[in-house]
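Here are my notes on the model, as numbered points. Please read them with the structure open.

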Amino acid sequence: MATWSNLNYQNSASPLMEQIIFFHDHTLIILIMIMILVAYLMMNLFFNNYINRFLLEGQMIELIWTILPAITLIFIALPSLRLLYLLDELNNPLITLKSIGHQWYWSYEYSDFNNIEFDSYMIQSNENLNNFRLLDVDNRIILPMNNQIRILVTATDVIHSWTIPSLGVKIDANPGRLNQTSFFINRPGIYYGQCSEICGANHSFMPIVIESIPMKNFINWINNYSLDDWKQVLVS
């Protein structure tokens with residue numbers, strides 16, 4: 001999650017987020033080189049006294065400063081296109097999770113399992129529970145690590161945006177439309193996100209929490225959840 005005075009990306013927890021950080025660093029190096037070159041040339045222009053009264057054209061320098069930016073853009077565009085295609089790739093997902101945006105909470109459905117669906121509301125911060133203000137929820141998403149996960153995202157009222165920065169996932173939730181993406185969590189942990197589309201008065205209060213656990217623990221959670229669900233059905 002984000003911490004105080006952190007000007008960089010959050011630590012990545014998926015291969016896609018690693019690639020996004022690599023691309024960011026690659027582009028930043030190119031921008032720094034351009035800024036240094038432009039600053040050097042401007043300083044030279046400010047502090048030299050060279051004059052050429054007969055200068056009418058400079059075809060060679062115009063050719064250079066036309067071709068060099070084009071080559072620079074190619075060095076940025078090719079990794080960017082590669083990353084765009086990687087983000088859209090869907091590679092044999094093991095589990096499908098459906099996320100539904102409401103004003104102002106999220107609902108989740110595990111489409112591969114019977115009767116596993118729940119709402120996820122923000123909870124109040126509490127020092128005794130060691131939870132985070134505006135970020136913790138009553139029902140977390142439980143997912144297995146080291147597996148490809150597909151998520152289907154939609155909304156029931158207005159446009160929302162399901163975003164987990166440390167996984168490199170940001171996908172809009174549009175009413176009447178089903179968007180999908182996938183991600184791969186490569187380490188256990190708890191990952192926080194929020195709705196990143198201004199969706200109304202309580203837009204700031206619909207956080208997302210994913211808890212990544214080993215596959216064995218995930219199977220136990222599925223079995224226990226189904227057992228508890230059947231007990232509630234029998235009681236009612």
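Which residues do ring pairs link into a cluster?

1. Ring pairs join Tyr108, Tyr110, Phe113, Phe118, Phe218 and Trp221 into a cluster. Rings of Phe, Tyr and Trp (its six-membered ring) pair if their centres lie within 6.5 Å; planes under 30 degrees apart count as stacked, over 60 as edge-to-face and the rest as tilted.

2. A word on the basis of these notes. This is a predicted model, in which local features need pLDDT of at least 70 and side-chain atom pairs count only at pLDDT 80 or more, while totals for chains, interfaces and linings use all residues. Residues are numbered from 1 along each chain as its sequence is written, and side-chain values use heavy atoms, with hydrogens and water left out.

3. The structure holds 8 aromatic pairs. Phe113 and Phe218 make an edge-to-face pair, because their ring centres are 6.2 Å apart and their planes are at 65°. Phe113 lies in the loop between strand E2 (105-110) and strand E3 (117-120) and Phe218 in helix H3 (residues 215-235), so the pair ties together parts that are 105 residues apart in sequence. Helices (H or I, at least four residues) and strands (E, at least two) are DSSP runs, numbered from the N terminus. Phe113 is partly exposed at 27% relative accessibility, whereas Phe218 is buried at 2%. The terms are set as follows: buried is under 20% relative accessible area, exposed over 50%, and partly exposed in between (1.4 Å probe, protein chains only).

4. Phe132 and Tyr192 form an edge-to-face pair, with 5.4 Å from centre to centre and 85° between the planes. This pair links distant parts of the chain: Phe132 is in the loop between E3 and strand E4 (141-144) and Tyr192 is in strand E9, 60 residues apart. Phe132 is partly exposed, at 35% relative accessibility; Tyr192 is buried, at 8%.

5. The unreviewed UniProt entry annotates residues 20-42 and 63-87 as "transmembrane region". Such annotations may be inferred rather than shown by experiment; positions are given in the numbering used here and feature names are shortened. In the model, residues 20-42 are 100% helix and 0% strand, with the end C-alpha atoms 33 Å apart. Residues 63-87 are likewise 100% helix and 0% strand, and their end C-alpha atoms are 36 Å apart.

6. Where does Ile36 sit, and is Ile36 buried or exposed? Ile36 is in helix H1 (residues 15-47) and counts as exposed, at 57% relative accessibility. Leu63 lies in helix H2 (residues 59-88) and is partly exposed, with a relative accessible area of 47%.

7. His203 is found in the loop between strand E9 (189-195) and strand E10 (207-213). His203 is buried, with a relative accessible area of 18%. Apart from neighbours within four places in sequence, His203 is in contact (heavy atoms within 4.5 Å) with Trp104, Cys195, Ser196, Glu197 and Ile198.

8. Ile159 lies in the loop between strand E5 (148-155) and strand E6 (160-164) and is partly exposed, with a relative accessible area of 39%. Ile159 and Pro175 are 16 residues apart in sequence and 6.6 Å apart in space, C-alpha to C-alpha.
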